[in-house]
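Here are my notes on the charged pairs and the backbone of this model. Please read them with the structure open.

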Amino acid sequence: MVVSKFDASEKYLGSEYLTLIFAKLSFVFILLHSCIVAATTLQKLDIDQVAKTADFIFEGEVLTREVRTEPNTGLINTYVTFLVLDVIKGDQQIKEIELKFTGGTSHGATVKVNGLTIPQAAEQGIYFVESTSENLINPLVGWSQGHFIIKEIEGERIIHTNEH
């Protein structure tokens, strides 16, 4: 049997195409599986556990929110810069801190992570930061469990949980 060059190249392209499709499907499966696992392992913490887990706890105010598309990965993240008004735990010298939250809208594309609330412009609150050095989906301990909003109501400052 004689196989023409055209037939052989079609077979080669076919196997290369299948390998590429398999690799993409494997990546999507791993990504979805890791999201499901992460979602099922989020534990309800009491305030003592939240405080103990946090590397840095501060009262602050949101100064800026900037959505950036990461050049190497194409992932969309929102960078929030806070004015640190009072340090409760951690480095007392920090006056401003920038935290990265996964998600946002950039150039018409939106990434939203279920259960993740990105602090709003001018928001004031108490923030329990899990890590100032690790690359996390949400840098706050226990997601909403480490995010308390301070609102002024009738001249009185009230702390609210950020529950969904």
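**Notes on salt bridges and backbone**

1. E98 and R68 form a salt bridge, with their closest N and O atoms 3.0 Å apart. The term covers a side-chain nitrogen of Lys or Arg within 4 Å of a carboxyl oxygen of Asp or Glu. E98 lies in strand 3 (residues 96-102) and R68 in strand 1, so this pair ties together parts that are 30 residues apart in sequence. Strands here are DSSP runs of E, at least two residues long, numbered from the N terminus.

2. A word on the basis. This is a predicted model, where local features need pLDDT of at least 70, side-chain atom pairs count only at pLDDT 80 or more, and totals for chains, interfaces and linings use all residues. Residues are numbered from 1 along each chain as its sequence is written, and side-chain values use heavy atoms, with hydrogens and water left out.

3. R68 has another partner. Its side chain meets that of E66 in a salt bridge of 3.4 Å, N to O.

4. The cut-offs are under 20% for buried, over 50% for exposed, and partly exposed in between (1.4 Å probe, protein chains only).

5. The count comes to three salt bridges. R157 and E59 also form one, at 2.5 Å from N to O. R157 lies in strand 8 (residues 156-161) and E59 in strand 1 (residues 56-69), so the pair ties together parts that are 98 residues apart in sequence.

6. Is each end of that pair buried or partly exposed? E59 is buried, at 16% relative accessibility. R157 is partly exposed, at 47%.

7. Now the backbone. Most residues other than glycine have a negative phi. H107 is not a glycine, yet it has a positive phi of about 55°. H107 is found in the loop between strand 4 (104-106) and strand 5 (109-111). With a relative accessible area of 82%, H107 is exposed.

8. W143 also deserves a look. It has a positive phi of about 55° and is not a glycine. W143 is placed in the loop between strand 6 (124-129) and strand 7 (147-153). At 22% relative accessibility, W143 is partly exposed.

Terms used: Helix = DSSP H or I, 4+ residues; strand = E, 2+ residues; numbered from the N terminus.
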